[in-house]
Number of protein chains: 4
Amino acid sequence: MNDTPTPFPTAAPIPNVLAERYASVAMKDIWSQTGRIALERDFWIAVMKAQRDLGVPIPADAIKDYERVKGQIDLASIDKRERVTLHDVKARIEEFSDLAKRQFIHLGLTSRDLTENVEQLQIFRALKTVRFKTAAALLALGRQAEAHRDLMITGRTHNVPAQPTTLGKRLAMFGQELLIAFTRLEELLERYPVRGLKGAVGTQLDQLTLLGGDSGKVDQLEARVLRHLGFRASLFAVGQVYPRSLDFEVVSALHQVGAAAASCATTVRLMAGAGLVTEGFQEGQVGSSSMPHKVNARNCERICGFSTILGGFVTMTSGLSGHQWNEGDVSCSVVRRLALPDSFFAIDGLLETFITVLRQMEVFPAAIAAENERNLPFLATTTILMEAVKRGGGRETAHAAIKEHTLAAAKALRSGGGDADLLSRLAGDKRIGLNKRALQTILGESARFVGAAPHQVDAFLDDVKPLAKKHKGATDYRPARLL
Amino acid sequence: MNDTPTPFPTAAPIPNVLAERYASVAMKDIWSQTGRIALERDFWIAVMKAQRDLGVPIPADAIKDYERVKGQIDLASIDKRERVTLHDVKARIEEFSDLAKRQFIHLGLTSRDLTENVEQLQIFRALKTVRFKTAAALLALGRQAEAHRDLMITGRTHNVPAQPTTLGKRLAMFGQELLIAFTRLEELLERYPVRGLKGAVGTQLDQLTLLGGDSGKVDQLEARVLRHLGFRASLFAVGQVYPRSLDFEVVSALHQVGAAAASCATTVRLMAGAGLVTEGFQEGQVGSSSMPHKVNARNCERICGFSTILGGFVTMTSGLSGHQWNEGDVSCSVVRRLALPDSFFAIDGLLETFITVLRQMEVFPAAIAAENERNLPFLATTTILMEAVKRGGGRETAHAAIKEHTLAAAKALRSGGGDADLLSRLAGDKRIGLNKRALQTILGESARFVGAAPHQVDAFLDDVKPLAKKHKGATDYRPARLL
Amino acid sequence: MNDTPTPFPTAAPIPNVLAERYASVAMKDIWSQTGRIALERDFWIAVMKAQRDLGVPIPADAIKDYERVKGQIDLASIDKRERVTLHDVKARIEEFSDLAKRQFIHLGLTSRDLTENVEQLQIFRALKTVRFKTAAALLALGRQAEAHRDLMITGRTHNVPAQPTTLGKRLAMFGQELLIAFTRLEELLERYPVRGLKGAVGTQLDQLTLLGGDSGKVDQLEARVLRHLGFRASLFAVGQVYPRSLDFEVVSALHQVGAAAASCATTVRLMAGAGLVTEGFQEGQVGSSSMPHKVNARNCERICGFSTILGGFVTMTSGLSGHQWNEGDVSCSVVRRLALPDSFFAIDGLLETFITVLRQMEVFPAAIAAENERNLPFLATTTILMEAVKRGGGRETAHAAIKEHTLAAAKALRSGGGDADLLSRLAGDKRIGLNKRALQTILGESARFVGAAPHQVDAFLDDVKPLAKKHKGATDYRPARLL
Amino acid sequence: MNDTPTPFPTAAPIPNVLAERYASVAMKDIWSQTGRIALERDFWIAVMKAQRDLGVPIPADAIKDYERVKGQIDLASIDKRERVTLHDVKARIEEFSDLAKRQFIHLGLTSRDLTENVEQLQIFRALKTVRFKTAAALLALGRQAEAHRDLMITGRTHNVPAQPTTLGKRLAMFGQELLIAFTRLEELLERYPVRGLKGAVGTQLDQLTLLGGDSGKVDQLEARVLRHLGFRASLFAVGQVYPRSLDFEVVSALHQVGAAAASCATTVRLMAGAGLVTEGFQEGQVGSSSMPHKVNARNCERICGFSTILGGFVTMTSGLSGHQWNEGDVSCSVVRRLALPDSFFAIDGLLETFITVLRQMEVFPAAIAAENERNLPFLATTTILMEAVKRGGGRETAHAAIKEHTLAAAKALRSGGGDADLLSRLAGDKRIGLNKRALQTILGESARFVGAAPHQVDAFLDDVKPLAKKHKGATDYRPARLL
């Protein structure tokens, strides 16, 4: 670069862009550095208490000393220690013990006895947050589906007009996809197992030694730890780490949730392109800097972007799966430091955005009606085919005849010749066996062209509405203002 | 190339390499071209019968005519038709109808009413096959874990000796990973939903029209179709297609199964490198062409390869997820034609290989014992640390002392200095507070160094053994000879 | 399933779906089983001749015996042998030697000395085929861009109207993306290195031994092999295998080619949805079975599908990269058997499809003009803003004013209120400083709204047209009829 | 959780974990928020100056006003603005203009005219940094390869002993892989093209309007911008954005660099497991908290982790490729905000770690020699086979004989029977035709078993050493202390 370039300022810490731009406070709290240290200290204290109760000579006062200082979380000091020891857990042990002026935490524990359990707790809580917001999204989708239950819209396959459906049904369709993902999420949460206190290679040797070889006591300790963490089940046979394919399961479940939203967002982008809906503006929002009038589907695009991100994290965690060496190592470490929080920030940002879109989207019935009108005779062809068959025509023969006329009419339309007059073309063909009046009667009943769409919306609502009760606050959940 | 090159012969059809080299007959049957056509014809006949019962004017004789010819599957003829119409379903409709000399199949159906349901049936059956073989793998793993329940082996983290475990426990550890994947597979099979007969854009319009607008009859038709296919649930709100994130769910579940096996295979490769085990030879197998003596872990390597393949198919199906446009299109078509059967061929080949390895692997206890001996004083350091702490030493102080001596001993060892004499070094250090006799006593109890490993094997067996009853034939399942 | 199901017929071999449905004969020839065996036999013979020339005691008659039978490729016999030895290369050695009644091939070679080189030759040739077809695609794209160089079309960002461009420019834009990928392909082909004859762990030991320890002779042998294969460079330091990240480089280069085509195909799908273009019908093609009139962008969708497939193969080959253990193993084997040919079949099918679309696509200028008309006042807003700024208005002030009016006009339009009358709204606002006449003058010059678009097309053509000469036959390349 | 949990503290900003834990200051500077804003302001000023020179009425004083305040970068203030406007570029425009009290920046620019170019500049600089560090890594690898050029080590395929090689050659092998990636990186940097000033849909309309329709002036403006940025080439036909497959090209090139390092790191992990090398300790580093003596290959594991991360970012950017809609949108935005900097932080952390490992790794020749001794008779079998063939034995016959004896000897060894006595077994078999003395002579020449390995190291050094001159400082580059 010529001219005098602006000098690089001293580097401020680079923020996590997903957390700081898109994620909610609730999700950030789970994954913040201080939040994690708080979880760790609570964990250590819980272990000490249980160990003491089981006979390990830990003075009650020592535990109190730890409890007294547990809220003193000084990230800079811990960071400084780590830069000396080059061992993150060691640094946090020393910080806590120096604060308490004691040496009783982490007895018989290996680093992973701490970190695996605390990280799984973060995952578990984050999964619950995702479940809540997915419920909120389903409820918001349900409201929109209900509101537009009967609004006929031109259904499209291959992106070209195919048959009518209703806007409510179209939304319910994505709702169904989301429900499948939601069910999977529920199943996972129901059985998500924690590693527990298993020692350096998973044999519980050090706790056994510490507790005098009494395996009953070891089991009690494990049970106490489980209860403290709030899990139902622990893994009975692990190495230094829990199986990393479990991380893959978690992230792929998040991706599935995001995919349903992304399918919906993609279709909103398509509808916005045809002027049928917009995703709406938030108050004070500025559009494109050079094209001020545009109501861009930028939030929907963002949803698609988040889904692409989750796809990448699926690959990362997939890349960890099946690669355990013996009892484990830390080749997964840097991957999980990145992929676990960021996957949750991404799905959180995605759901915040999706709920916002569902709350503020605008529908333009006049534009939708105009599109229907242009396409109606074409959309009715399958019904006409059905009617022809019902009156005894051969399916293949009628199909060929209709194809001939619709192609000709479509060609006329595209050439700018105005009226395609498909009806007259069809009426004149004996292979079809329907005169103009019969055809007009069919078109006149256009309301029924949407088939079972409204009832399908009802079926969706039957599944979704009970979520309101089960997930308190989900119905009224309002994301914070999006960037 | 110089010289006269061998002329390329006329191209024989290129086989599906996963199917033809690795997959079992059972899995190939599900995905073969003829198998699929058979399913389609059965489906069409079932629909016709149901439609006739519900009042659609289909002569009973017509149905009989179709039934009479349904076994006449002529792939070449169908292929020829497709190359004319450029529409695969159309080609198969025409073939079947021309054979029967009737035009009654596919009434009110769109192509996807046929293909989605039939493909989901293939997926469903293939999932069941995978479930069976995963059960067989778990049982085989259980047998090996049981056989080596108490065989002490040097546990490793970061690939270096850490603490003793048992070989049985090591295998149970991978068994636990596989059990998680198995549970996920079971949950998925339990609720895997089928699209059903929903029409061009999912509104059931054409069946409604065909059945005189009687939605009760449409529901009966749907129920008949479900019963024919053997599914419990159908999706209530779909477009032309079922949500493609469901394919992602299936493939990611397969990947999770494969990952557990791949972790185990990776560790067998590591153990083989140290001469502790081999995966065994099949009868008549030739090793490396230039190094005849080597017992390569090539089947284990293959398992890892299959896992990598499944990771790629996860990406492919992930790439379909979240990309639905409106009521659907066929941008997924070529992807699913490849990724669905090939994912199942890959997991099938993987499981066939894994079960084979588990059946023929050889364990060398003498070599394992020799390794233990070399490493025992080092492996005992955590136990020594625990004992020091129990006797009142500060954890951090003792830790530092032990580190000092083990590093020095390790250095001596690596320099070829023969005996590292770690024990004397430790005994001489007051910070640890254990004399030589106390240390020798600790080492003498080496059997207990495996901690709870044998009991963890038992816990694994408790979970696995009931599978034998639930999955008939799984215990004795013997893969065909591997290539 | 109830009723008597159609029995599964005996399994016919399952074909490679990408090869048999989508790939060209040229590409299939490269990867066919017989084609590969032909390459191998030529390779063995070339090595024997060179070895003999360098003093290895191989009778000239023996070589002739091999040459005499090299065309006798009996896949069934080879397959039978492999099922005995469980070693594919061994089976092919024995077959060839038994045919020749000699034992002189493969002297001093390890399996990988054969297979690595032959597979790299397949890759090299397949890359050249891809280069040729990419050139053909660029030329076809150039023709369309030239034909529609000046055809104004509504440019869209965020899928909503933004500013005018030309259809030719839009196509050139995707052409530019393809050119970048093409350049990368050319760079790769220019330097693609082959492994050469390096022995079991890459040290050339066995050839050295065979040639009496004469490293000069070993170099001559290597040079002869290179010349035979047609490569310029061999790798100087490899293990048993060449680095697998080279496969990743190849497949990611293919994906990049496919991505450019997929971007173009995606936009054709969008344009087809608005009725502006279709991808055209091939002769005899049948549309949707139940909606005969639809001209679906199914080939464009297929292009997108191929791109998704290539993305998955990128993941597979990425999963091989960075995972070499020591001098190599075969954990990559099954992955490469699948991913290498299938990646090339996918890109081949993609390019065949893309060129077909570019040859048969139909453009509807009347429909394009109608869309422009609806959007013109809106599209002109950035020009109006520029003009306002040129006359001294503050950019931010004018921007705010224009935004206000365009949003109001857009709202009126969507509410079905017919004429949005944006012009009058703008003319009445002093912040903008342009009266109605000035505004009409701006709109009247709509031809210039396309900016430099036509010139950008010319720049594209300048880059593309020289390819016609460099790649003989590319201009007139016509894919076979697509399925 | 029971007990009173430690309350979550107010959320501190969550840092970018890759940047803050692993990346170098140089790389962080490129991607820091303030660094980016500095680049943007320089860009705006350069554009203003060029516009003024070309006749746009921008007062010289206004430019000075902007220059005066360009160093006043207040992230909090910008952030506040963005939270009002919900438009990041708008916020930065307003901040800068309010500081300067002028409204002359961003004339005729769309947001992407700013952001695309600035981001490409970041990419370009970051690529140069990666090139430098890759050169440094190659040089460090070269030094290790040279130091261990002749150190015989047991070469392994399938992770079991195969043939001898040298440690230097093994390292050179990974060096070769890295060289391929390095060449690709250089090619990419050589031609990496920038988008330039192309306007809202890429037609340069707004600059044309601003410059009175004078396309010559527009070209001059573009040239000035290019020169300012330091690029050689701009893209001639783009939309709102440059093609996203270019981002894929960049990230996949980074992954290829990382893969070579990861292959090397994987093999170091394997060697460490056998006690042949360690990656060394940094001063003050603490090993495992419960197993203090272990020298874990944690940095090598981290390298593998970074490679897995890059694989995920390959998927993310692959997921952007081929998905452009018309002239572009922002569905890529959130993905690029994450994937671009983080890919560079990952490769930067990887290279920092890799260079550190190469600088501090320890090799244990005594342990390596001991391993060779155990394996030598087995490793010599291919040489023995060659000798047998040279003396006229049939290859297949001798191969079978050798296989028989080596398998028996290996079995004896594994059963703990001590001496396998392979030599006597071989000497007794006439099919091989070598007596004991002949065999001992072969073994005695073990130095030559490494074949051409040392010469291959030399070839590597020939390629690598010139990099020292071309990349000043690369030879002595020392990463900062790793965490």
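In chain A, helix H11 (residues 245-273) passes helix H12 (residues 298-320) in a left-handed crossing, meaning that the near helix is turned anticlockwise from the far one by less than a right angle. Helices here are DSSP runs of H or I with at least four residues, numbered from the N terminus. This is a predicted model, in which local features need pLDDT of at least 70 and side-chain atom pairs count only at pLDDT 80 or more, while totals for chains, interfaces and linings use all residues. Residues are numbered from 1 along each chain as its sequence is written, and chains are lettered from A in the order in which they are written.

The axes of H11(A) and H12(A) come within 8 Å and cross at roughly 155°; axes are lines fitted to C-alpha atoms over the stretch in contact, and angles run from 0 to 180 degrees between N-to-C directions. That makes the two helices roughly antiparallel, the term for angles over 145 degrees. Their contact comprises 16 nonpolar, 8 polar and 3 charged residues. Ala, Val, Leu, Ile, Met, Phe, Trp, Tyr, Cys and Pro count as nonpolar, Asp, Glu, Lys and Arg as charged, and the others, Gly among them, as polar.

Between chains, 83 residues of chain D are in contact with 83 residues of chain A, contact meaning C-beta atoms, placed from the backbone, within 7 Å. H12(D) gives the most to this side of chain D, with 15 residues. The side divides into 38 nonpolar, 28 polar and 17 charged residues. 100% of the interface residues of chain D are also interface residues in chain A, so the copies meet through the same surface.

Key. Contact = placed C-beta atoms within 7 Å. Parallel < 35°, antiparallel > 145°, perpendicular 65-115°, else oblique.
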